[in-house]
Amino acid sequence: MYHTIYHSPLGEIAITANDDGITALAFQQGAAPIQFAQNSTQSDKQFSEVTQQLTEYFAGQRTQFDLALAPQGTPFQQTVWQALTEIPFGKTVSYGWLAKSINNEKAVRAVGTANGANPIALIIPCHRVIGANKKLTGYAGGLALKAKLLMHEQADFKP
């Protein structure tokens, strides 16, 4: 297991990975900062590609990430997280839309719970899921951060 801290324009981002890919990414000032495991090794080299892509994203030069991901979760969570990766940069969707996209439109609450359990913020873009009324809903990094990310992407939402 490896870890690093990336200094973004929106605050420190902690990233962890194993040999299969990124396992977690979180804004450290949010409600769910990453606590590094004792057996985790600090490694900037291991994260050169992800930090490059994050730099490009924050500079407005990247709209899609191309990285190996290895989030740990249930099969249902994995399905929801995969669907999140298909939401384009600058677009927002509702929880209902997300449930329909995985062919389980009655699972809106479960989709919301899986969205909230997403371990790889930003790269698996859970911040692009908002209420059906276009208003912001929960985000582990806080609603202010979610709004900043959506403004960066010039997405349509109501603050």
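# Notebook: pockets and salt bridges

I began with the largest pocket: strand S3 gives four residues to its lining, the largest share. This is a predicted model, where local features need pLDDT of at least 70 and side-chain atom pairs count only at pLDDT 80 or more, while totals for chains, interfaces and linings use all residues. Residues are numbered from 1 along each chain as its sequence is written, and side-chain values use heavy atoms, with hydrogens and water left out.

**Largest pocket.** I noted what a pocket is: on a 1 Å grid over the protein atoms alone, an open set of points where a 1.4 Å probe fits, with protein on both sides within 12 Å along at least five of seven lines; lining residues have an atom within 4 Å of a point. I looked up the space in this one and got about 250 Å³ (the space filled by probe spheres set on the points, which are joined across faces, edges and corners). I found 17 lining residues, with Gly116, Asn118, Ala121, Cys126 and Ala140 nearest the centre. Strand S3 (21–27) and helix H4 (108–116) are the elements that give two or more residues (DSSP runs, numbered from the N terminus: helices are H or I with at least four residues, strands E with at least two). Domain 1 (2–59) and domain 2 (75–153) both contribute to the lining, so the pocket lies between them; the domain bounds come from an automatic or database assignment.

**Strand S3.** I checked its cover: seven of its seven residues are buried (under 20% relative accessible area; exposed is over 50%, partly exposed in between; 1.4 Å probe, protein chains only). S3 runs antiparallel to strand S2 (residues 11–18), with six bridges joining them (strands pair if DSSP finds at least two bridges). Ala17 has Ile22 in S3 as its bridge partner.

**Salt bridges.** How many does the structure hold? I counted three (a side-chain nitrogen of Lys or Arg within 4 Å of a carboxyl oxygen of Asp or Glu).

- Glu56 and Arg62 meet at 2.8 Å, N to O. Glu56 counts as buried, at 18% relative accessibility.
- Glu153 and Arg128 also form a salt bridge, at 2.8 Å, N to O. They sit 25 residues apart, Glu153 in the segment after helix H5 (143–152) and Arg128 in the loop between H4 and strand S6 (129–130). Glu153 is buried at 3%, and Arg128 is buried at 5%.
- Asp156 and Lys134 have their closest N and O atoms 3.4 Å apart. Asp156 is exposed at 51%, whereas Lys134 is partly exposed at 29%.
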